[in-house]
Amino acid sequence: MKPLRYILLGLLVFAAGSLGAAGLDDYKSLRLPEATRAAAGTNRVTVMFLGVATLLFDDGETAIMIDGYLTRVPFAKFKVMAPDDAVLKKHLARAGVGKLAAVATVHSHFDHALDSPRVAQFTGAMLLGSESTANIGRGQGLAESQIKVVKNGDSLLYGKFKITFLTSAHLPSKFGLGQITEPLQFPVHGEAMKLGEAFSILVENEGRSYLIQGSAGFSGSELTGRKADVVFLGTGGLGATAASYQSRYWDAIVKTVSAKRVVPIHWDNFYLPLDVDLVPAPGFDKSMDALIAFGKKDEVEIRLPVEWQWTEPTLGLK
């Protein structure tokens, strides 16, 4: 996607967000039921959704986070973006986050990796991701001892959590392609936050498994032989793709891992702050219509996350 087209899309997303949360009410019955954090202390895993692909996992002993994008840079600051420490600390406190074992990033675009190093600094976590993600961390002053560069197939253990990185792809786009080859100095233009490697992240804990697909893209057969009870499925931009692409995406991710439940993520307007209710970005309804149809055909349950709410995504699954 050319920069001008991206800017125009940003304006469209911002304008749509300003109109209110039309669309979510139609799917109230699909929302994941609330769980108490205490449930994580009884050999169960609870998950909190914080917009885009930011997910907080807790099993009562160990907590890990995917991405950790909380600053939610407004579109007006797209050309001069940087983490906002005050906003980050406020939202980490609201989520009850004190210490994290790891912050794992799906790729290095700003709406995924901008805040990851700062979250690692504030919580003592290891930053896990590509070399591009590592260079974001180095540019923000994160100690090398807190950075772990991963590649396809790498698995890391944190308490009972096993985190596996598997090569994937971004939704087809020309925006932000390439690598970040040196420590990134902030503030930066949003386009400087290049993709790097894109990963699917498989999180396993005591027989339960969760696949996080941060972007609506797929690549090759890296997921072949992998299993996941629940897929947190990236849907950003999916509604604008052809029906044939949507079907191939579903098959490549959801059917390949034999998921029983799909939880759509990355459907919200990420230019709006987390202080307000999440607002669907354009195309949300089309994405949901497609997923509901696929789920009905393949007997896969579709459930929506609710921000700031602890849930037990595998609850009720056999």
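## Threonine 46

A residue counts as buried when its relative accessible area is under 20%. Threonine 46 has a value of 0%, so this residue is buried. The model is a predicted one.

Threonine 46 sits in strand S1, which covers residues 46-49. Leaving aside neighbours within four places in sequence, its contacts include Ala35, Thr36, Ala39 and Ala40. Leu56, Phe57 and Asp58 are also among them, as are Trp310 and Thr311. Threonine 311 lies 265 residues away in sequence, yet the two C-alpha atoms are 5.4 Å apart in space.

## Overall build

The protein has seven helices and 14 strands. Its radius of gyration is 18 Å, close to the 20 Å that the globule rule gives for 318 residues, so the protein is as compact as a globular protein of that length. Its C-alpha atoms fill a box of roughly 45 × 45 × 35 Å along the principal axes.

Of the 318 residues, 56% count as buried. Among contacts with a separation of 6 or more, 70% join residues 24 or more positions apart. The accessible surface is about 12,800 Å², and carbon and sulfur atoms make up 54% of that area.

## The seven-stranded sheet

Seven strands form an open, mixed sheet in the order S7-S8-S9-S10-S11-S12-S13. S7 (155-158) and S13 (301-302) are the edge strands; each has a single partner strand, so one side of each lacks a neighbour in the sheet.

S9 (residues 199-205) pairs with S10 (residues 208-213) in the antiparallel sense, over six bridges. Valine 203 has tyrosine 210 in S10 as its bridge partner.

Helix H6 (residues 243-255) lies across S10, S11 (230-234), S12 (261-265) and S13. The helix runs at about 145° to S11.

Conventions
Residues are numbered from 1 along each chain as its sequence is written. This is a predicted model: local features need pLDDT of at least 70, side-chain atom pairs count only at pLDDT 80 or more; totals for chains, interfaces and linings use all residues. Side-chain values use heavy atoms; hydrogens and water are left out. Two strands pair if DSSP finds at least two bridges between them. Helices (H or I, at least four residues) and strands (E, at least two) are DSSP runs, numbered from the N terminus. Contact means heavy atoms within 4.5 Å. Axes are lines fitted to C-alpha atoms, for helices over the stretch in contact, and angles run from 0 to 180 degrees between N-to-C directions. Buried means under 20% relative accessible area, exposed over 50%, partly exposed in between (1.4 Å probe, protein chains only). The radius of gyration is taken over C-alpha atoms; the globule rule is 2.2 Å times the number of residues to the power 0.38. Accessible areas come from the Shrake-Rupley method with a 1.4 Å probe; for residues, only the protein chains shown count as cover.
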